[in-house]
Structures are given as C-alpha cells and as structure tokens.
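Subject: Structure handover

Hello,

Here is the structure for you to look through. My notes on it follow below.

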Amino acid sequence: MKPRMLWALALLPALSGCVTPPDLDGPLSDNVTDWRDEIIYQVMTDRFANGDASNDFGVNLADPSDYHGGDWRGLQDRLGYLEQLGVTCLWISPVVKNVEEDAGFSSYHGYWAQDLDRPNPHFGDLSALRELVDAAHARGMKVVLDIVTNHVGQAFFYDINKNGQPDEFLMGQGGEIVPIGQGEPSSDLVRVTEWDPDFDRDGVQSWTSLGPSGLAPAVFVHQPEINRVPPEPWPLGEAWAYNQKGRVTVWQDPEVCGCPAWGCAWDDACRREQEVLGDFPGGLKDLDTRHPYVRATLADSFARWIARADFDGFRIDTLKHVELGFWDDFCPRMRRFALERGKRNFFMFGEAFDGDDNLLGSYTQGQGVDSVFYFSQYYTVFRGALLGDGARTCEIERLHCRRLGCASDPCGEGQAFPALYSDTPKENGVTGEDGLGLGPARLPVSFESNHDVGRLLFFMPPAWTEPEKRAVLHQALAYLLTVDGVPALYYGVEQEFSGGNDPANRETLWDADAYLRPVWKDGHWKAARRTYDGDGDGEDDTLWEPFDTGNPTFHRIAELIALRKAHVALRRGELVFRWSTAGSGGEDHGLVAYERVHPDERALVALNLGKELPSVTRAGGQTMPVGFAPGAVLEDALDPAFTVSVAASGCAAPSGGGCLELELPARGVRILLAR
Amino acid sequence: MVSGRAWLCLLPLILAAPGPARAEEPAAGAADGEAGLLAEILEAFQFGSYGRVPFGSDLDGGTGRPVKVIAHPPRLLETPYAEVDLGYRHTVPSTGTSFLTQVTVALGERLFHFNGDFAADIAIRNLYLEVRDLLVPGLSLWAGSRMYRGDDIYLLDFWPLDEQNTVGGGLAYAFGETRLGLHFGVNRLSDSYQTQTVLVPGQETGTREVLFMDRQRSVVSLRGEHHFDLAESLRLKAVLYGEVHTLAAGTYLTADQREERLPSDHGWLLGAELSLYGDGPSNHANLYLRYGQGLAIYDELGVPYGLDREKKASGAREVMLGAAVNREFGDTAGVMFGGYARYFVDADPNVYDRDDAWELGLALRPAWYITRHVHLDGELNLQYLRPNGLSPGADSLEAPLVVQLGLMPTVSLGRGGYARPQLRLIYAVSLLTDAALHTYAAEDPLRGRGVQHYLGVSVEWWFHSSRYGER
C-alpha cells in the first residue's frame, strides 16, 4: 500500500467526525451557591420525554405499569421547556439497571435495582446520562439523582416449603373457623407467596408437611429474560447481605405491633423493627445495611455515580426503612467523596414517607442527610388545609413550630414546641452563599405532590368546578414557592395533570392522550383534548398541547418562580408567621399570612383558604402586625394593580413594623412587596 | 422442457457428460416447427459449489470460536457454511441468446455429525433466470431471487460495494471494455419492522390472520465498470457504484391496539473501486471507497438500529475505505492482504454513542508454496474498534483490539492464494486487550482469556461458484 493510502486511512476518523466522550475521572463541577435558591423539578424519566427511539425496549404506552419510552436524551431535549418554566434543578428517577418486571408490573420507575453499577438501558447509556447532566449544567441547572439503599428488586424467594421453586399458595375456604361440632367446619383463607411472605422477626421460617423446619433459604433466581438475576455488585448477590425477615406488615395491620387502630408512635419498637428490617412491599429485598461490606458497597457504588454523571445531590428513597446509624456513615462518605473531587454543597435529602415530625426530624440529627422530604407539610398543608374549608390555619403555623420551635402555641392550646429538626450544619455539608453551614431545619424539601401520592387535583372534590380547582392549585403553588426551604415540583403539575395514586400519577407528558378529558357531547361521554383560554378572550378555545407553555398553570408557576428568583427574601428569608386562625367562621376565616424576612428585603404572603367568603386580617379589633414600616405601600407581585398601605396602629406591631388590614377573596393569594 | 423432477433423474447422466447436450426429443404431438426450434437449442447443466468446514479445539477442551469485535472480522477462524449451485443453460445458437436458470442452496453452520441434530439451516441464495445476449450482444436481463455481488475482500469475507441479497431483476449491458448494470430489488423481512400479522375474529367463529403491516423495502443499484490498459500486462478496472434504498411507510398495531405510524425512509450510497490486475492470473490490487447515508448503510437483511425520534435512519452515515491485494511471486510464494477502515454513525441523537464508532480490520496472509500441493501459509491480522461512547463496565472510552497470528500448513489443488480446494491445518493465537475482553458477557468464560489458542483443520473449496461470480 502506498504511503498516501496509509495517510488517508489514518485521517479517516478525523475527517469523519470522531468524538471523544467525557472523562469521568475528571474533576467535578461545583454548581450550587445556596440550595435555598434552587427550585427542584422531579422527573420520572420514563414518563417525561422520549428522545431516543433506539432504547424503546418493551414499550407499551397504554399500560400505566409498563415502560413508556422516556429517556435521558428526551429530558435533555426538553431542558429549554424546563428553563422556560424556571426550575433550576432536576431530580431524576433512579438510573441503575433494574429487574425488568415483577407480578405484571415493569420497573419503569427505576426502584427495583439489580445492578448498582450499570445504567438502566431503557433510559440510555452512561454517555447519554453524562450528556444530560452536562447539558443541564451548561444551562445553570443542577441534577439530583434518586437512589435506593434500603432494598433491591425481587431478587430471591424464600423457599418456605423447601421444594426449590417459588410457590404461591391459596389455602382454605375463606369462611369463619367454626369449632368441631358447632356447625359446618370451615377454614380461613390463607395466601402465602414465597416471593413476599409476611414479616417474621426471627426470619422467614420454612414449613414442611411435618412442621417447622428452620429458616427458609433465600434462593436467588436466574431469569435473564427479565434481568432477574442475582444483584450486583458483590456482596449483593449473597443471601447474608439481606435481613431475610419478610415483608413489612404493620401498615396493613398495626395491631400486629399492639398499636392502636389510629397507628403507632413513630418510635414504637415493634413497628420500627419491621420498617428497618422488613422487605419493602412487592418483595423488594431488604439489604442488611448494618453489615460493613454492604455499607461499603453501597457507598462505593453511589459515590461512583457522583463521579460518573457529576450529580449535584441525592434524593434518598425509603429513609425510614434503614437504621439511623447507616445515614451517619453513608452521608459523610458521600460528602467527603464529592468534596475531594471538587464538588461542594452536595445535597442529600431523604424520603421518610410519614407525616410525623418526630420521625422526620430524627433523620436530620447527627451527620445524616442534609434534609428530608417534608411529608408533614404535605399532609398538613396540601392534603389538609388547602383542601379543607379554611378552619384552623394555625396548624400550618404549628408545622413551622415543630420544625424550628416556638415558645407558644399558635393554636392557643398551651403547648410549647421544641424544635424537632436539627439546625446544626453537617460537617462538610451544604452552606449558604456566605460559606456558613445550613442546618436541615432550614432546608426542608417542600412538595405538593410526588410519584408516590396522587396529584393534588385528584384529591379535590369532584364537585369543585375547574376554575375552583385551578384556584386552589395556584394557591398551593404560591405557598410552595414562597415558604422557606427548597421547593420541589412534580413533573406534570404545570400541565394540570390530575392522576390518582401510583401509577395513575405517572402520566406520559408527551402523549396527547394524557391531555384528554371526558366531555359530554351528543348524549355521550367522549374523550376530548383539553382546552384553555389562551388568548384571554374568555373562551377555552386553545388546544392543550403536550409540553404546553401557554396554559394558565404553566404561566403561574413560571411567574412564581421568577418572583422567587428575583427576591432574596422569598428564597433565603426567615419565615415569620403573621396571621393564622385557631377556629373558623370569623372574619379572618381561612387566613394565613407569613413574612419572609431577609436583611435586604422582606415579603408578605397571605392566603385565604376559605372556599366561599372573603376574609380580612382582623380579629377582635386587632389587625395584622407586619415587619414593614408604617406608611410603606405594598404591592401584590401577582396583581400590581393591588396596593395596600401599612398602618401605624391597630395591632401590636413588632419593632419598626406596622399593622395591615388585608382583605382576600375566597381562594385568594397575595404576595406583597414594598413598592 | 425438462421438469424439475425429470432433470433430477437425469443428473447422473448430465454429470457424466458435462458438455453441451442436445435437447430431449419434443413431446409427441408437437408441431414440426417447434420441433425444429427445440432441436437447435444447446443445453448445459452446470454444477458448482462453495464450502468450508472447519473443526478444532481451543486447547482447553472447547471448540474454539472466532473472535469478533468489528463488523467484518478476518476469516482466519470460521464456522461451517456451504452453497450448492445448480445451473442449467439453454443456448440458441442462431440468435446467440442464452438462458441460465440458477438455483443455489446454502447450508448454515449446523452439522449433523457434530451436534447430533438431524437438521440443517437451509436457505435459497439464488433462484433466478438470466437471459444473456438478448437482441444485441452484451445485453442481459435477469429476474428472480439472487445474490448480486461484485468484488470482495477475501480475507475479511466482505463485499465492500455491491452485495445485494435481493428479489428483483436487472439489466446489464457490456460493450467493449465497459459494463453497465442496473438492478432493482425488494424485500419485506419477517420482523416487526416491516411485517405484522395480526389475529382478528373470523367472520363467523375462530380467528383469521390479517397482514396488517406490509412495508416493502426497495433497492435500486447502478454499477458502471470500465477496463483500461495501463501497460502490456497491467490493466485497471474502474468501478462506480451507487444504491438508493426506500422503505414504505407503515402502520404498526401495538399491544394495546393503538396504531403507530412508521414513516417512510430512504438512504443512498456511493462507492468506487479501482483495481489493478493482469500481471499474473490472480494478481490484483483493489481499492474501495464508499460513502452512504440513511437506510442504505444498513444491511438490507437486518433491522436498522439507532434510529432517530421518528424511527427513521435518515441521520445515519458511513464512510469506508477498503483494500484487497493478492500478489504471487512466481511459483514460490504469494501474499494476500485485506483491510478496511470504516466510520459509522447511527441516526439516534446520542453524541457519545457506543454504536457510533470507527473500526479497522487488517489481515495479511503470506504463503510459501513448498510444492504445488503443499503450502505453508501464515496470517497476521487485527481488529480495532473505537466507539464514541463510554464502556458501561469501565466508565471510560474503551477501544477493543484483537491481534491474531496464524500458521497454516496447507494442501492445495495448486499454487496461488485463490487456488481451491484446500485443506489446512490451522494454529492460531488471538491476543485480546482488556477492552476486547469486555465485549464478552461477564458470564462468558472467554472473558477471562486474553490469549486464546486454536488448533484445527479446515477445508475450503469453490468451483463454478455463483458466490464468486463463476458460472
């Protein structure tokens, strides 16, 4: 071959556009100034956007429990949409390779890990993931990864009858057990599944026809066609890496632990034992996170993901199902790893699916997570006060008291509230712009819905009209985006999705069918595309498109986020409650108001949670004390035509502050800033 | 006419007397004129074959397997394969026109005597009729199912330009040193990319099948070839080649009974070949260049992968440079070379994509002709793949490299790199980098073997083979 040919051969790759993928061993980016400035947007990757048809394995759009085809490339392609909405941080569903299916459901959500070191091929490959994160960073967006340390997928079965195969039994007649001689004999209906047997504190026991036979062996299965093979990496494919005690049952039957019918205290020993050591329902096998090898593997694997994709934080699943000591070990390791690679402010917030502040606060102590998913707020405010009739808005203020402590009870019932959430910064933990550490109490991650609960619109009474529902949704969003902490939006809220509990709340954002609603036409119910008033002519004549950016809720969220970004008080200001009610029916019925106070500015937010009548910040002849100086003119950021002046008297004003008589219509909200 | 069964009965006679034969007597009752016409037709049966049967050991109790990290790896280690060509030619001397009916049966790698399965993988590779010298000398016409091929890179078992497996037809016209060929073919693969059959309720009871999706792929190829004299014993063949592929739109019925519209697609490919030959019976040096986009760069018998959001291949592209050389040095020695470099980018939007890669395959096979029938061949080859994406196992860019060394004492019909039949004793050692080992599944025992040995025997033959354009 002549030399020229050789040259041509050597140049071929260069001429044809050969590219070099990112170096995953390089330094990590340092992206976050202050997590309180961020607005998180939770994405279920499979349901957000399909950008790469080449990874559409086993996609079935009509089945809500199947993969729908969304992927990291699709998310990357839609960053502009999210930028337009204003969110600053993506929280993406788990990325690791999963067991493909289980009991007719697929692992589109990503929570059924099989290999902690491999990406889920349904969503793309490692390069696609890194490309997404790099693209997000290039737009100033951060990316948080959802991780699970508590369990893996349904990797093994308990061979209760020791026949070497997974069995499911239904036994008995399902009737009442009647003593012999007192009627027709019958037996209870018993269902036993070796995939997911009930909790046994001594470990799942085996039984043969002759009686008990010791611990039931944990038998890993080999079904490569659905990737149900022993989990990786080592030792996750070893039986001793699991607690092997069977499924948590206390949720269905609290009396198992001797709990009263209305539930246990969070620290009830029996319930905690089940939660920590039991398998997660669905046969998701509970890792023995006390074992040092298991801990080391989990830490190594998830640290590797930080390096691989340059993630900015973790959302940690099933926090309360892992013993507290684990978090004091795991979280510092992650912080150190990130810091050594040049990433400060690596943020970890955990999910303890529980409305009890005692429990949530317990995870904020020590050196564990930087924050928790604020479930108590979710239940109190979003599922409680906002959907209620406006009574006792003091419960919202109490929520704040339980987090940060209050000397007196906002509901006037005599209690003092010790702070249940730690305000002590973690070592190497997240800081504010000033470099000072931020304690978990300052960083609760607030949400109005998520992938585990139905959407807010779903829980609104069917009798409410669409404008009424929208008004309450907008109130909820206004609250979410003006309280302290870190707000998190669940994808699709900007499109007014209204799905019920899992999997109905995991709509396919790009699928036009997700924008249908039943309409009564020609004597029949028919599915028709939703519409809205896009041009302000009073007619709902604009067709609701997938990824619609003109609808009223997208518009409202973008407006609220822009407001939060523009005003440091709304991001970092102290939360000071100015008004709440302990009863109902007064002239201040349904009112709640709070200030966000920052050294540079302050903002006042007021909501009327009442559904029928206007309310005013006046009770017993006293108006609302505010931190704004008397004479200050406040303007509603959502309605600049509305202004109100702060009076010098009428209340017990705080030092330097004044008094404000503010009237709000039913379902109204005002965000007031000094003009 | 001779029916299919009839000529099978006549086969022993035909094989015994392979020269031109008179047509059989006309059927009783045929008109005298027809009898006269038939009487002047010359007929010839032609039997041909290509085949290879290797067997061997990895020196560890196993069978030894070919190593493949690129699309067209060197063929030092192969699996069994054979073709049986049956042709029958009718020639009308008065017009000079001949009719060739060609049937080629191919057998895949399963051998009953090896695996004990009394079965074989059989495919029909040729089933066509070609009419030559129709109306004017040099004009030919064909139709049917056909392997339609140009020149190959033997050491890589790779046809860099025209390699159609087609059901269609074509025209060719050869005049002087020029030959032009036009082909049109179609396929509709039995996969869910092109075909879908669904069950629907029967008109009264039961079910019946409906061919719901029926997307046919069409391929048009055009080839022009001209031969030049460069010197007294050196000639140059220049080839220009092009293909256009189109795929019809279709509708696929998903599991949930939704209709998913699959768009139409297309692609094209342009190629050129320069071939020096003439200074010896089998000496040649061929250089190939090919560039293609879209559907045309995917094997017509495969389902395109890495498609774009609309499930089209339109963004895919490929550039390939290849070479095939054979040089004989008198009766003493010869050397053969084959190689290609190829850059491929699929249509999906991923930039750092493991499917996107450039690859290199090189093979050099020197031969020493100790006697006419006893040769000693050696081979040095390599495979190199450089993907654009990260390796999922190593979190880094991994570029698999495989180097093979082979030594082949060979018994051959004669001297020369293309002399066949051959019986070879093969020893080969394959050296694999870690990146190459990572292409094996984690559970594959070969993943741990960076050095792989092979000792085996292989036979290979071809004669009158349609595979190599001999008829």
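First, a term: two residues are in contact if their C-beta atoms, placed from the backbone, lie within 7 Å. This is a predicted model, where local features need pLDDT of at least 70, side-chain atom pairs count only at pLDDT 80 or more, and totals for chains, interfaces and linings use all residues. Residues are numbered from 1 along each chain as its sequence is written, while chains are lettered from A and ligands numbered from 1 in the order in which they are written.

Domains of chain A

Chain A splits into domain 1 (35-152 + 289-515 + 548-554) and domain 2 (573-674). Those bounds come from an automatic or database domain assignment. The C-alpha centres of the two domains of chain A are 31 Å apart. Across the boundary, 25 residues of domain 1 of chain A are in contact with 20 residues of domain 2 of chain A. On the domain 1 side, α11 (394-404) and α13 of chain A are the elements that give two or more residues. α13(A) gives the most, with seven residues. That side divides into twelve nonpolar, eight polar and five charged residues. Here Ala, Val, Leu, Ile, Met, Phe, Trp, Tyr, Cys and Pro count as nonpolar, Asp, Glu, Lys and Arg as charged, and the others, Gly among them, as polar. Helices (H or I, at least four residues) and strands (E, at least two) are DSSP runs, numbered from the N terminus.

The sheet in chain A

Six strands of chain A make an open antiparallel sheet in the order β23-β24-β25-β33-β29-β30. Two strands pair if DSSP finds at least two bridges between them. β23 (574-579) and β30 (639-645) of chain A are at the edges with a single partner strand each, so one side of each has no neighbour in the sheet. The twist averages 25° from one strand to the next. Helix α13 (residues 466-480) of chain A packs on this sheet and touches β25 (601-608) and β33 (669-674) of chain A. The direction of α13(A) makes about 35° with that of β33(A). Axes are lines fitted to C-alpha atoms, for helices over the stretch in contact, and angles run from 0 to 180 degrees between N-to-C directions. Strand β29 (residues 633-636) of chain A runs antiparallel to β30(A), joined by four bridges. L634(A) has V644(A) as its bridge partner in β30(A).

Cores and burial

A residue is buried if 20 or more other C-beta atoms lie within 10 Å of its own, exposed if 12 or fewer, and partly exposed in between. A nonpolar core is a set of buried Ala, Val, Leu, Ile, Met, Phe, Trp, Tyr and Cys residues joined through C-beta atoms within 7 Å. The largest has 157 residues. I40(A), Y41(A), L90(A) and M334(A) have the most contacts inside it. Domain 1 and domain 2 of chain A each supply at least three residues to this core. Leaving out residues up to four places away in sequence, M334(A) touches F302(A), A303(A), I306(A), F314(A), F346(A) and M348(A).

In helix α10 (residues 375-385) of chain A, the buried residues include F375(A), Y378(A) and F382(A). The buried residues of α10(A) pack against α9 (357-362), α11, β17 (445-447), α12 (456-459) and α13 of chain A. D389(A) sits in the loop between α10 and α11 of chain A. It counts as partly exposed because it has 14 C-beta neighbours inside 10 Å. Beyond four places in sequence, D389(A) touches S584(A) and K611(A).

Chain B

The contact between the chains takes 31 residues from chain B and 30 residues from chain A. β17 (317-329) and β18 (333-345) of chain B each supply at least two residues of the chain B side. β17(B) gives the largest share, three residues. The chain B side divides into 15 nonpolar, six polar and ten charged residues.

Strands β11 (residues 217-231) and β12 (residues 234-247) of chain B pair antiparallel over 14 bridges. They form a hairpin with two residues between them. S221(B) stands opposite E243(B) in β12(B). β12(B) also pairs antiparallel with strand β15 (residues 265-278) of chain B, over 13 bridges. There, H245(B) stands opposite G267(B) in β15(B).
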